[in-house]
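Q: Could you walk me through this model, taking the overall picture and then a few individual residues?
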Amino acid sequence: MISISLYDDKPEWYAKKVYPEAKIPYLVYGGPKLKPDEAPSPDTVQLPESLVILEFLADILPSAKLLPADPAIRAKARLFIQAVETKLLAAFRGFFFKGGAPDIFVNALEDIQRMLPPSEGYAVGEWSIADAAVTPFLMGINTMLKMNPPTLQEGAAEQALEVLSSPRFARLQKYVHDNAARPSMAKTWDEAAVEKLMKVRFESMAKARHTPAPHS
């Protein structure tokens with residue numbers, strides 16, 4: 001595995017020799033071991049996009065049960081992911097990066113909460129790629145709100161934290177807690193690293209927001 005920061009500028013070799021769009025993650029499967037500064041072998045499978053990678057892993061590792069065997073439940077897992085991508089992410093960007101009011105963001109989280117099984121269980125009952133796709137994002141939300149980033153309206157972080165920790169979101173809180181307790185998440189989640197990365201990004205965005213545009 002080659003680690004590349006999500007928020008820092010990508011190494012020049014990555015766009016030139018691996019993925020021209022320079023986005024991460026990017027999976028190189030098969031062939032010789034990939035090294036920095038080297039192009040992947042043409043014999044390898046190369047895939048961008050987190051969800052595409054997750055589905056590929058589900059297909060080549062059926063014993064891991066990353067997708068439910070039942071086609072109907074499998075479809076529900078994909079619908080859950082789609083709702084997160086189309087509804088929640090847009091509300092997230094509007095709130096955290098554009099200084100929007102917290103109501104739209106909170107309501108989008110409530111829509112996701114309604115899609116969960118009523119009392120317990122993962123997104124579609126048993127754990128699947130739907131949970132793998134959304135859990136780091138949901139855990140990151142709490143971390144970012146506690147940071148009170150400069151891109152938010154005054155008092156918005158405190159308001160959102162108060163609502164999200166209230167009984168109104170008890171089901172979502174349990175869902176995040178249950179996912180965070182899984183050994184794989186406990187092993188890989190690094191809140192301090194996420195906070196460090198987001199601090200750099202928020203500071204950069206706040207600086208750009210207050211920098212006057214050049215006169216033509």
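Predicted model: local features only at pLDDT ≥ 70, side-chain atom pairs only at ≥ 80, totals over all residues.

Q: Fine. Which residue counts as partly exposed, at 37% relative accessibility?
A: That is Asn 148, which falls in the partly exposed class at 37% and sits in the loop between helix H5 (129-147) and helix H6 (156-164). Helices here are DSSP runs of H or I with at least four residues, strands are runs of E with at least two, and both are numbered from the N terminus.

Q: What is the phi of Asn 148 like?
A: Asn 148 has a positive phi of about 50°, although it is not a glycine. Most residues other than glycine have a negative phi, and most peptide bonds are trans. Lys 65 is also a non-glycine residue with a positive phi, of about 55°, and its place is the loop between helix H2 (50-60) and helix H3 (71-96).

Q: And Lys 65, buried or exposed?
A: Lys 65 is exposed, because its relative accessible area is 57%.

Q: Which peptide bond is cis?
A: The one leading from Ile 24 to Pro 25, where omega is near 5°; Pro 25 itself belongs to the loop between helix H1 (12-18) and S1.

Q: Let's zoom out. How many helices and strands are there?
A: The chain has nine helices and two strands, and reading along the sequence gives the order α-β-β-α-α-α-α-α-α-α-α.

Q: What domains does the assignment give?
A: It gives domain 1 (1-48) and domain 2 (68-210), with bounds that come from an automatic or database domain assignment. The centres of domain 1 and domain 2, taken over C-alpha atoms, are 27 Å apart, and the C-alpha trace of the chain spans about 55 × 55 × 30 Å along its principal axes.

Q: How much of the chain is buried?
A: Of the 216 residues in the chain, 35% are buried. If a contact means heavy atoms within 4.5 Å, then among contacts between residues at least 6 apart in sequence, 63% join residues at least 24 apart.

Q: What does Gln 113 touch?
A: Leaving out residues up to four places away in sequence, Gln 113 touches Arg 168, Phe 169, Ala 170, Arg 171 and Leu 172. With Leu 172, a polar atom of the Gln 113 side chain lies 2.9 Å from the backbone nitrogen.

Q: Last one: where does Asp 43 lie?
A: Asp 43 is in the loop between strand S1 (26-29) and strand S2 (45-48), and it is exposed, with a relative accessible area of 70%. The C-alpha atoms of Asp 43 and Gly 31 are 6.1 Å apart, although 12 residues separate the two along the chain.

Key:
Residues numbered from 1 in each chain as written. Heavy atoms only, no water. Buried < 20%, exposed > 50% of the residue type's maximum accessible area, 1.4 Å probe, protein only. Polar contact = N/O pair within 3.5 Å; in protein donor to acceptor, adjacent residues only side chain to side chain.
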